[in-house]
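Welcome, and thanks for taking a look at this one. Here is a short tour of a sheet and of the turns that link some of its strands.

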Amino acid sequence: MNLVKKISLFAFASIVMTSCGDGKKNDAEAVTTDTTEVAMDTVITEKPKTIVDVAAGNTDFSTLVAAVKAAGLVETLIGEGPFTVFAPTNAAFEKLPAGTVDGLLKPENLEKLKGLLTYHVVAGKFDAATVTDAINKNKGKYTVTTVQGGKIDLSLKDGKVILTDANGKTSTVVIADVAASNGIIHAIDTVVMPK
């Protein structure tokens with residue numbers, strides 16, 4: 001093979017290899033682009049947790065969650081809100097007289113259960129700083145109206161928020177400012193009762 005033919009063959013092979021390489025590069029880019037698009041389409045965004053989701057995710061609120069479900073209030077408490085929930089812990093429910101919770105969960109006591117639960121809910125978002133500020137600006141007592149329609153007096157004792165229900169019984173906020181997408185939860189140590 002003469003030198004001219006060898007150079008021509010080498011040049012042709014280089015062109016073919018370069019063309020194939022560019023094609024592979026473009027194919028690789030296309031595959032990379034397609035993979036990126038698929039990956040972006042399959043990204044799962046976590047849905048913000050509502051008051052019910054947050055409570056259901058904490059075993060200390062299992063009695064409250066069962067009561068909310070029995071009363072048919074789940075849809076209300078996953079609604080837009082915002083709501084402030086003074087959420088009794090399981091220990092708070094255990095302080096009630098024996099048989100009280102079981103009695104409230106019976107179908108014939110549905111309205112009483114709804115009334116009790118909505119007495120623990122206030123329309124609007126009241127974090128601890130807002131509540132404390134309101135108490136201090138109102139001479140040591142701030143009264144809120146619950147979704148049930150009754151009133152609860154909020155005050156401070158030893159730096160903690162105290163709830164006084166319509167019957168004069170008190171409860172203490174033991175954990176404040178548990179955030180949810182549609183409001184806020186304050187855990188309380190005693191169930192408050194409407195009249």
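Let's start with the overall layout: an open sheet of 7 strands runs in the order E2-E1-E7-E6-E5-E4-E3, with mixed pairing. Its edges are strand E2 (121–123) and strand E3 (142–145), each of which pairs on one side only. On average, neighbouring strands of this sheet are turned by 30° against each other, direction ignored. Please keep in mind that this is a predicted model.

**E3 and E4**
- Strand E3 pairs with strand E4 (residues 151–157) in the antiparallel sense, over 4 bridges.

**Val147 in the loop**
- Val147 sits in the loop between E3 and E4.
- Leaving out residues up to four places away in sequence, Val147 touches Thr118, Val121, Val122 and Ala123.
- Gly115 is 32 residues from Val147 in sequence, while their C-alpha atoms are 8.8 Å apart in space.

**E4 and E5**
- On to the next pair: E4 and strand E5 (residues 160–164) are antiparallel, with 5 bridges.
- Lys157 has Lys160 in E5 as its bridge partner.
- The hairpin formed by E4 and E5 has 2 residues between the strands, and Asp158 in the turn has a positive phi of about 55°.

Definitions and conventions:
Residues are numbered from 1 along each chain as its sequence is written. This is a predicted model: local features need pLDDT of at least 70, side-chain atom pairs count only at pLDDT 80 or more; totals for chains, interfaces and linings use all residues. Side-chain values use heavy atoms; hydrogens and water are left out. Two strands pair if DSSP finds at least two bridges between them. Axes are lines fitted to C-alpha atoms, for helices over the stretch in contact, and angles run from 0 to 180 degrees between N-to-C directions. Contact means heavy atoms within 4.5 Å.
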